[in-house]
Structure formats: structure tokens, C-alpha cells
Amino acid sequence: MRSPRTSVMVALIVAVAAGATMVTAQEPQIGRPSVGFGTPITEQAIAPWNIDVRTSDGKGLPPGRGTATEGKTVYDAKCLACHGDKAAGGSVYGAMVGGIGSFTTKTRVLTPGSMYPYAPILFDYTRRAMPMDKPLTLTNDEVYALAAYILALNGLIPETAVMDAESLPKVKMPNRDGFIPDTRPDVKATRCMTDCPPIGVIK
Amino acid sequence: MSDGPVTSKSRSERPRASGRRAFLRGGVTLAGTALAAGAAGIRLAAAQSSPVAQPLEIPEWTKTPGRPIPPEMYGMPSKYESRVMRRRTDVFVNRQNLSDWSMSPLHSQHGIVTPNGLFFERHHAGTPSIDPGKHRLVIHGMVKQPLVFTMDNLMRYPAVSRFHFLECSGNGLTDWTKAASTTVQQSHGLLSCAQWTGIPVSWLLDEAGVQSGAKWVLFEGADGSSHTRSIPIDKVMNDCLIAYGMNGEALREENGYPLRLLIPGWEGNVSVKWLHRIKIVDQPAHFRSETARYTDPMPEGKWRQFSFEMECKSVITSPSGGMKLPGPGVYEIRGFAWSGNGSIAAVDVTADGGRNWQPAVVEHPIMDRCLTQFRYRWRWDGRPAKIASRAVDSTGYVQPTAEEISRVRAIVGFVQHHNVIFPWSVSANGEVKNAIA
């Protein structure tokens with residue numbers, strides 16, 4: 001007679017042989033369903049939800065266009081109350097202008113201008129999440145115009161520049177090369193037990 | 001005696017009956033007299049016990065019937081536990097209450113499971129109230145057949161249940177260079193642990209048929225922020241869950257009802273709540289939530305990106321900040337250890353600021369990417385002390401100090417991934433305070 005442990009091992013071996021993904025070593029493999037319950041759907045039917053933009057090259061940006069001048073009108077009506085005049089910071093949120101060059105100082109100022117590596121992030125985020133009390137209500141033209149306004153306030157495009165699916169990904173952002181991959185573990189502490197240096201503090 | 005690798009030291013220090021009674025009384029007092037208002041009003045015990053206890057009396061509640069069972073109800077904790085609450089962030093206070101967070105009272109948590117009503121929250125646009133009958137999950141992108149699921153469809157798959165912690169990457173960010181937090185709820189409360197029930201994401205992706213060349217998966221929530229992250233497909237296929245259950249019941253709304261992603265061991269925000277869309281792609285989208293936010297400042301003005309794992313960490317939850325020891329004697333130091341890279345292999349405790357360490361008892365169950373309890377019986381001599389814990393995980397990684405991390409990362413602004421050894425000072429009068437700086 002097989003012990004329970006042996007049965008589990010056999011089940012695991014069978015599951016692995018069948019190409020299943022091993023979930024954890026501790027638990028018996030739970031029956032992977034042979035029948036699925038998803039309903040086929042077309043990409044066209046998904047389109048209203050398909051809002052993500054690949055921000056590194058703008059793939060997924062929709063038709064539409066806007067300028068900083070147009071953006072100021074939208075901004076003053078729908079954004080200023082929280083973000084302040086000329087995006088200088090307001091009742092709820094800090095500045096969205098400035099900070100370029102601050103990352104090598106002791107005070108890093110994070111704004112779309114200083115921080116975003118790719119300009120289409122402005123489109124993707126503004127469309128999906130702003131304004132906070134009415135997300136996903138802006139037209140694509142309004143979102144392009146707001147992106148243009150914030151970029152122009154940061155001195156990254158001229159006020160007259162038209163932002164659209166072609167031009168927005170081409171805006172050169174100062175922090176384009178500011179990101180590095182995760183290489184942790186980056187600290188190798190030792191398990192000292194006696195006569196150790198005391199717990200240090202950051203000076 | 002079968003509750004873990006009991007060391008010879010802890011075994012020999014097992015207290016005699018009087019000490020044990022005194023300790024239990026201390027625990028009861030902790031529950032009964034702590035101040036309800038303000039996070040700082042935590043007392044460990046009111047007074048030292050007298051050598052001989054008073055004669056017992058029969059209490060009123062034993063001499064009368066209790067409350068009858070109502071026809072139906074959702075049970076709630078005793079009114080005497082009303083101080084045990086989640087608390088909105090109050091060290092760093094937001095000027096709005098939609099992109100905000102609340103913290104778990106870890107000093108009051110018994111065992112590794114955080115009750116659903118005390119599980120920490122982090123939202124980017126408030127908590128939606130989603131009708132499960134209308135909720136849909138869609139899978140599309142680089143798949144052979146895009147699919148849509150109702151909640152009823154999803155319930156037809158075999159259910160998988162696993163215990164995992166969740167921790168916000170920003171847990172502790174107020175306390176790198178100054179002791180800003182008073183209590184462990186404020187310094188570590190963006191941490192909780194639950195048994196999650198759901199479906200391996202791999203099953204659903206296989207059903208849709210992942211195309212060759214797919215390398216990343218975008219997950220998006222149905223909340224007002226449409227919160228979204230790009231996740232490497234290897235992790236998704238390995239151990240990620242689409243969860244609808246939490247500690248035996250449906251997810252709470254503030255934790256993603258009716259459906260969320262659960263990525264074991266990784267920073268909390270990637271476990272997208274209110275999940276409604278999965279898109280298979282060949283490269284990350286570099287969303288705002290993975291560039292301008294949830295990245296770590298590094299030297300020379302750089303930012304570390306896609307730093308997903310929550311590295312090995314531990315903290316003493318009792319005695320902890322805001323508590324007061326009534327006098328010299330034996331105390332049980334206890335706390336939690338966890339690692340996003342595996343299970344807990346050992347926890348050490350110091351009472352002299354890190355000069356000398358002793359192994360703590362690590363209590364079973366010891367599970368992968370799960371809160372793990374430790375305890376250490378400590379005889380306080382009444383002199384000023386500095387207590388701290390240090391965890392080691394199954395990869396051999398040893399929890400570092402803040403000072404050690406500051407040598408390789410830039411500690412400037414809102415610095416995430418604060419997994420440092422966290423000392424509490426105990427003054428001669430028994431007051432326990434944050435001693436991180």
C-alpha cells in the first residue's frame with residue numbers, strides 16, 4: 001500500500017510529466033482543469049477597456065491632437081483646483097513643473113518633467129486616472145492638450161507644438177536614461193552573534 | 001514543545017508558574033487598559049504583580065445568561081477590543097483621502113493571520129464597490145484566443161488556497177534617518193498576512209494560449225485609478241494567483257473585491273486589486289506606476305526600476321514603541337519575520353543594541369513568503385536597553401541595518417524597500433521608543 005507521501009510524490013511526478021506548472025513543493029498538485037470556462041471575445045469588443053500605452057514608443061496612442069494653449073484651458077477648468085496655477089502645486093498636490101537636474105542634489109524634486117522617462121506616460125496616466133473625481137472622462141484631444149501643456153511648462157516643447165500619436169513619443173525626456181535594473185541583493189550583511197558592531201544609524 | 005526549533009537557552013528559561021501568571025496578567029492588561037485615542041497610547045502592563053494573588057470572586061457575567069444568538073449576524077470583536085483598529089496614515093499625512101493608506105495594528109495581532117477587518121489598505125483612487133454579477137475579467141494581447149470571464153465562470157475552476165504576506169513597498173519610509181513613528185503600527189503597519197483562495201493565473205493564460213515571444217503581462221484594476229503594472233511572465237506563470245477569497249470569506253472591498261491579483265513575495269502594489277484586465281505583451285509598458293512611482297533612488301541621480309521583491313525582514317511587535325514595561329523581570333519578546341524570497345530560516349534577538357545576539361524561537365508553521373512568528377524570553381534587569389530582531393531567510397540573506405543599506409542606495413526623499421533591523425530603546429523607567437536614528 002502506498003503511503004500518503006508516496007501518493008503525493010506520484011501525483012507530482014504525473015503532474016510535472018503532463019507539463020503542469022509546479023505550484024509549490026509543499027502542497028500536492030491541485031488538479032489542473034482539463035476544461036476551461038472562459039468565453040471567447042474579440043479584440044474589437046475589448047477596445048473600450050484597452051487603454052494602455054506602451055510608453056517607450058507610444059504604441060497604443062489613439063488618434064487626436066492638442067497644443068499647450070488648448071491644454072491650459074482644460075487644465076484651468078479641470079486640474080487647477082488640486083494642482084495649482086500653472087501646475088506649480090496646489091491645495092492637494094505638489095508641483096508638476098521643475099526639478100530637472102535635481103536628482104544629483106540632496107533634494108530630488110519629482111515632476112513629470114524631471115521624472116518621466118517617456119512623454120507618453122503623461123497621456124497614459126492622465127487618461128486612465130485624471131481628473132481624480134472623474135477619471136476616464138477626458139477626450140483624447142483634451143489629454144493630448146494637457147500633455148502638451150505640462151511638457152511646455154517644463155520647457156520640453158514649444159508652446160505651439162502639436163502633440164499627437166506621432167509627436168508625443170519623440171519628445172526627449174531628461175530622465176530617459178535615469179533607470180537601472182534591480183540587482184538586489186545589494187547588501188551582504190553577516191550573521192554576527194557576539195562582540196558585533198552596534199546597530200548603525202544613517203548619518 | 002513541538003512548536004519550533006526551541007533552543008536550549010529558551011528551554012532553560014521557561015518561566016516558573018508565578019512568572020507565567022505575571023506574564024499573562026500583563027497581556028490581559030495590555031488589552032484592557034490601552035488608550036483608545038491616538039496610536040501612541042499603548043501600555044504593556046499597569047503594575048507589577050504582588051507575591052500572592054487576592055482571593056477570587058465569582059464575576060457578574062458568570063451569574064447571568066449571556067446574549068442570545070440573533071437569527072443572523074456577522075460577528076464582531078468584543079467591545080473591549082475596540083482600540084484594535086486600522087489607522088489611516090498619520091506620520092505622513094496626505095492632503096486627500098483617495099490615494100491613501102491605512103496601517104495594521106501589528107502589536108495586537110495574535111498569530112500569523114491578519115483579520116480581514118485589520119488588513120492594511122493602499123488605494124490610488126479610493127475603494128470601489130463592485131457588483132460581482134457585472135464584474136468581468138478579460139485576457140487578451142499576445143494570446144491565441146482572447147477570453148472573458150464572469151465571476152461565476154471563475155468559481156468553476158478548482159480552488160487553490162495559500163498563505164502569503166503582503167507588504168507595501170513604502171512600509172517604513174518615514175523612518176530611515178529619523179524616528180518619525182511612535183508605534184510599530186506606524187512604522188511597519190503596511191504589512192499583513194492572509195490565506196488567499198483563487199486560481200493560478202497560469203491556468204487562465206494557458207487556456208487563452210500564450211503566443212511565443214510573450215515576455216510581460218499587464219494587469220489592470222477596475223478602480224478609479226485603473227491602477228496597472230507590468231509583470232514578467234515567468235513570475236506570473238510560476239506562482240501568481242487570481243484571488244477571490246481571503247481568510248475564509250470573499251475579499252473585502254478594500255482588498256480588491258471581487259477579484260484581485262496576488263503576487264507572492266512582491267511589493268503590494270503589483271498585486272492589482274479589482275482586477276479586470278490582463279494583457280500579454282512582449283515588453284513592459286513603463287507606466288507611471290513603474291517609473292515615476294515605485295522606483296528606488298540610487299546614487300548618481302539614478303532610479304532602480306522593477307524592484308519587485310520584498311527582501312527578508314523582521315520586527316519586534318512586543319515590547320514595541322509606545323508600550324511601557326512595569327518593571328524589571330521576564331518578558332516575552334515577540335514579533336514577525338518574513339521574506340519575499342523564501343521562508344524564514346532563523347531570527348536572532350539583541351537586547352544590547354546589536355553587540356550580542358541570541359537565536360529566537362521560530363514558531364511553526366514556517367511557510368514560503370508568509371509571516372512567521374518568533375519569540376524570545378528576555379529577563380530585563382531594569383537598565384536602559386536596546387532590543388531588535390534580525391531575520392535570515394532560506395536563501396541565506398541576512399536582514400541588514402539602515403546604515404548598511406545607505407552605503408549602496410541613496411536615502412533621499414521617499415525611499416521604498418525599508419527592510420532594516422529596527423531597534424526599540426527601553427529606558428530605565430520602562431518606556432519603549434523608536435530607536436532607528
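The domain assignment of chain B gives domain 1, covering 8-27 + 310-434, and domain 2, covering 121-299; bounds like these come from an automatic or database domain assignment. Taken over C-alpha atoms, the centres of domain 1 of chain B and domain 2 of chain B are 30 Å apart. Where they touch, domain 1 of chain B puts in 26 residues and domain 2 of chain B puts in 29 residues, a contact being two residues whose C-beta atoms, placed from the backbone, lie within 7 Å. On the domain 1 side of that contact in chain B, the residues split into 13 nonpolar, 11 polar and two charged. Here Ala, Val, Leu, Ile, Met, Phe, Trp, Tyr, Cys and Pro count as nonpolar, Asp, Glu, Lys and Arg as charged, and the others, Gly among them, as polar.

A word on the model itself: it is predicted, so local features need pLDDT of at least 70 and side-chain atom pairs count only at pLDDT 80 or more, while totals for chains, interfaces and linings use all residues. Residues are numbered from 1 along each chain as its sequence is written, with chains lettered from A and ligands numbered from 1 in the order in which they are written.

Chain B has seven helices and 24 strands; helices (H or I, at least four residues) and strands (E, at least two) are DSSP runs, numbered from the N terminus. Among contacts in chain B with a separation of 6 or more, 72% are between residues 24 or more positions apart.

Now for where the chains meet. Chain B brings 79 residues into contact with 62 residues of chain A, and the chain B side divides into 38 nonpolar, 25 polar and 16 charged.

Within chain B, four bridges join β5(B) to β4(B) (residues 136-141), and the two run antiparallel; strands count as paired if DSSP finds at least two bridges between them. A hairpin of five residues links β4(B) to β5(B), and Leu137(B) has Phe149(B) as its bridge partner. From the other chain, β1(A) (residues 39-40) pairs with β5(B) in the antiparallel sense over two bridges. There, Thr39(A) partners Val148(B) and Pro40(A) stands opposite Leu147(B). In a regular strand the side chains alternate between the two faces of the sheet. In β5(B), Leu147(B) and Phe149(B) make up the covered face, with Val148(B) and Thr150(B) on the uncovered one.

Another sheet draws on both chains: an open one with mixed pairing, in the order β4(A)-β15(B)-β14(B). Because β4 (179-181) of chain A and β14 (296-298) of chain B stand at the edges with a single partner strand each, one side of each has no neighbour in the sheet. From one strand to the next, the twist averages 40°, with axes as lines fitted to C-alpha atoms (for helices over the stretch in contact) and angles running from 0 to 180 degrees between N-to-C directions. Three bridges hold the antiparallel pair of β14(B) and β15(B) (residues 302-305), with Pro297(B) opposite Trp303(B).

Definitions and conventions:
Buried ≥ 20, exposed ≤ 12 C-beta atoms within 10 Å, placed from the backbone.
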